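Before reading on, please take a moment with the sequence and the fold shown below. The paragraphs after them go from the whole chain to single residues.

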Amino acid sequence: VGRAVQQGYILSLDDKVGGWVPEWREDSRGAVTFRQLLQGTSGLDPAPGGDPGGDPAAALSARLAAEPGSRFAPSLLEIQVLGLAIARAVGEPLPQY
C-alpha cells in the first residue's frame, strides 16, 4: 500500500476504497478506507465459515457488521479487499506490481 501511495496511485490511506471498488461505490461499504482495512477496523463481517479462500467474489460480497472505524475485528477478508483495491488502483495484478 505504501508503494502505491508513494507512486501516486492512491493519494492517501484515508481514501475510500469505493473509488477503486465500483461494486461498493453506491452503498455504505464504499466508505471503508485503506487505513481501516490495514488496521482491521473496516467493520466488514468476516466470511461465513472463516477464510474466504482467495475468492474475489466472496470479498466483494462482504457485508458490513459495524460502522467502518468503530470496532477492531481484523479478518482475512480485509486483506483480500485491500489486495483487490490496490490491484485496481495500479492497473495490474498484485504479483506483477
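What follows is a guided reading of this chain.

The model is a predicted one, in which local features need pLDDT of at least 70 and side-chain atom pairs count only at pLDDT 80 or more, while totals for chains, interfaces and linings use all residues. Residues are numbered from 1 along each chain as its sequence is written, and side-chain values use heavy atoms, with hydrogens and water left out.

Confidence is expressed as pLDDT, the predictor's confidence in each residue on a scale from 0 to 100. Its mean over the chain is 90, and 92% of the residues reach 70 or more. Helix 2 (residues 34-39) has the highest confidence, at 97, whereas helix 3 (residues 56-60) has the lowest, at a mean of 82.

The chain has four helices and zero strands, and along the sequence the pattern reads α-α-α-α. The radius of gyration is 12 Å, close to the 13 Å that the globule rule gives for 97 residues, so the chain is as compact as a globular protein of that length; this radius is taken over C-alpha atoms, and the rule is 2.2 Å times the number of residues to the power 0.38. Helices here are DSSP runs of H or I with at least four residues, and strands are runs of E with at least two, both numbered from the N terminus. Taken along the principal axes, the C-alpha atoms fill a box of roughly 35 × 25 × 25 Å.

Of the 97 residues, 42% count as buried, a term that means under 20% relative accessible area, with exposed meaning over 50% and partly exposed in between (1.4 Å probe, protein chains only). Where residues at least 6 apart in sequence are in contact, 59% of these contacts join residues at least 24 apart, contact being defined as heavy atoms within 4.5 Å.

Val32 lies in the loop between helix 1 (2-6) and helix 2 and is buried, with a relative accessible area of 0%. Residues up to four places away in sequence not being counted, Val32 touches Asp15, Lys16, Val17, Leu37, Ser42, Leu64 and Pro68. Tyr97, by comparison, is 65 residues from Val32 in sequence and 23 Å from it in space, C-alpha to C-alpha.

Thr33 lies in the loop between helix 1 and helix 2 and counts as buried at 9% relative accessibility. Its contacts, apart from neighbours within four places in sequence, are Leu13, Asp14, Asp15, Lys16 and Val17.

Ala4, finally, has its place in helix 1 and counts as buried at 1% relative accessibility. With neighbours within four places in sequence left aside, Ala4 is in contact with Tyr9, Ile10, Val90 and Tyr97. Ala4 and Val90 are 86 residues apart in sequence, yet their C-alpha atoms are 7.1 Å apart in space.
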